[in-house]
Amino acid sequence: MIHRIDEIALPPETGPWLLPGVTKDVIGQAPWLRPDFADAEVPFLASHTFAVEAGGPRVLVDTGIGNGKTRANPAWNSLNTDYLARLSAAGFAPESVDLVIITHLHTDHVGWNTRPDGDSWVPTFPNARYLTSRAEWDYWAATELDANRLQMFADSVHPVRDSGLIDLADVPGNGRQVAAGIRLVPAPGHTPGQIAVELRGADRSALITGDSIHHPVQLSHPHLVSCVDIDPEQAVRSRHQLLDTLADTDSLLLGTHFPQPTAGLVRRDNGNYRLHPEPGIAWRCRTGPPGAVGDPQRPADRCEVARTGRCRRVPAARVTGANTAPPGGPPPGCRQAPEVLRHSSRAWCPGRARGRRRGRPRRPRRQGPRGRWT
Ligand SMILES: [Zn+2]
């Protein structure tokens, strides 16, 4: 079972800065992006963690920006979100997390590695191992860091290392399994040692992108790169490789920065690809069979809130409580599904998502500072 733990929706100026090739014309060529992934001019992006119950270890993939971190990017500076409450509400109290997989060592993927404790930073997940690729670690260890990166490593990476919680994985070209149903896949380019994370359950599989695919527009335009890709040509090759692997299969693509609906199936389209959001999972009941992905301890009649074309609006407290069935049992139409994508935010409802966007400016107000997305 996979949960999306929301941190923040990134401000609208992020898209044009991060993906300068994504023009109004490019968005117009992929009408399927609207309204969920873009408006007529600007691609939307988000920051979240994927939390995975795999029947074995309890796993987080990437830890967002974090609270209280001093950052050059104003949108990331000194955040104060209720991320940890959402994580706990989804059943992932910090002490219960066994494994934190970090796709790459950029600021918006390591933030919740640590939390403040007086004047210092301590691991947020004290009982977890933190895992990233050795190639990624070695790259940054050999790189002269600017002040912003030094700050990030000092508050979000080194405290974990100094606590002895970091593990480094050698990830060969064909990937490396690190737990039942969890495999690291090399996805270099954005950073030299970036990994994507493949999840394989009894009935479904999924791939978490990291920043190998920042936005769904890169399915229809895989050649479009981000302004912070360290090796743009390699990033394009990795993106093509991942998309080719997923295309026309029933394996879900889970975008680390995709706004809602974050998950979908990859389909070939005019020589490239498009994303088909996973349909019809407004309320699904787990049957509870143990599989590589799923929690066999969870009663079979519990239901989750997810996305559908017929979204049900759900009181916030109920949804953020654990996304379980409301009092009185599952709603009409609840059906059995062996595995679900489960979400921690009521904003998954597409109707609500569109409502939120009406308040957004249609044009970016300022260009983000190049180099600050680190
Ligand atoms: Zn990122």
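How many bridges join strand β12 to strand β13, and in which direction do the two strands run relative to each other? In this predicted model, in which local features require a pLDDT of at least 70, side-chain atom pairs count only at pLDDT 80 or more, and totals for chains, interfaces and linings use all residues, three bridges join β12 (residues 205–208) to β13 (residues 252–254), and the two strands run parallel. Residues are numbered from 1 along each chain as its sequence is written. One of the residues involved is Ala206, whose bridge partner in β13 is Leu252. Two strands are said to pair if DSSP finds at least two bridges between them, and helices (H or I, at least four residues) and strands (E, at least two) are DSSP runs numbered from the N terminus.

By this assignment the protein has ten helices and 19 strands. Strands β12 and β13 belong to an open sheet of seven strands, arranged in the order β9-β10-β11-β12-β13-β14-β15, in which the pairing is mixed. At its edges stand β9 (176–179) and β15 (272–277), each of which pairs on one side only. Neighbouring strands of this sheet are turned against each other by 35 degrees on average, direction ignored, where axes are lines fitted to C-alpha atoms, for helices over the stretch in contact, and angles run from 0 to 180 degrees between N-to-C directions.

Two residues are in contact if their C-beta atoms, placed from the backbone, lie within 7 Å; among contacts between residues at least 6 apart in sequence, 72% join residues at least 24 apart.

A nonpolar core is a set of buried Ala, Val, Leu, Ile, Met, Phe, Trp, Tyr and Cys residues joined through C-beta atoms within 7 Å. The largest such core has 53 residues, and those with the most contacts inside it are Val100, Val197 and Leu254. Strand β11 (residues 195–200) supplies the largest share of this core, namely four residues. When residues up to four places away in sequence are not counted, Leu254 touches Ile2, Phe50, Ala206, Leu207, Ile208, Thr209, Thr262 and Ala263. A second, separate core of 20 residues includes Leu10, Leu19, Ala38 and Phe44.

Within α8, Ala235, Ser238, Arg239, Leu242, Leu243 and Leu246 are buried. Seen down the axis of α8, the buried residues fall within an arc of 125 degrees, so they line one face of the helix, the arc being that of the directions from the helix axis to the C-beta atoms. An α-helix has 3.6 residues a turn, so residues three or four places apart point the same way. The cover over the buried residues of α8 includes β11, β12, α7 (217–220), β13, β14 (263–269) and β15. Just after the helix, Asp248 takes a positive phi of about 60 degrees.

Most residues other than glycine have a negative phi, and most peptide bonds are trans. The C-alpha atom of Pro261 is separated by 6.4 Å from that of Pro277, 16 residues away along the chain; Pro277 lies in strand β15 and is buried, with 22 other C-beta atoms within 10 Å. Asn270, although not a glycine, has a positive phi of about 55 degrees; Asn270 lies in the loop between β14 and β15 and counts as exposed, with 9 C-beta neighbours inside 10 Å.

Definitions and conventions. Buried ≥ 20, exposed ≤ 12 C-beta atoms within 10 Å, placed from the backbone.
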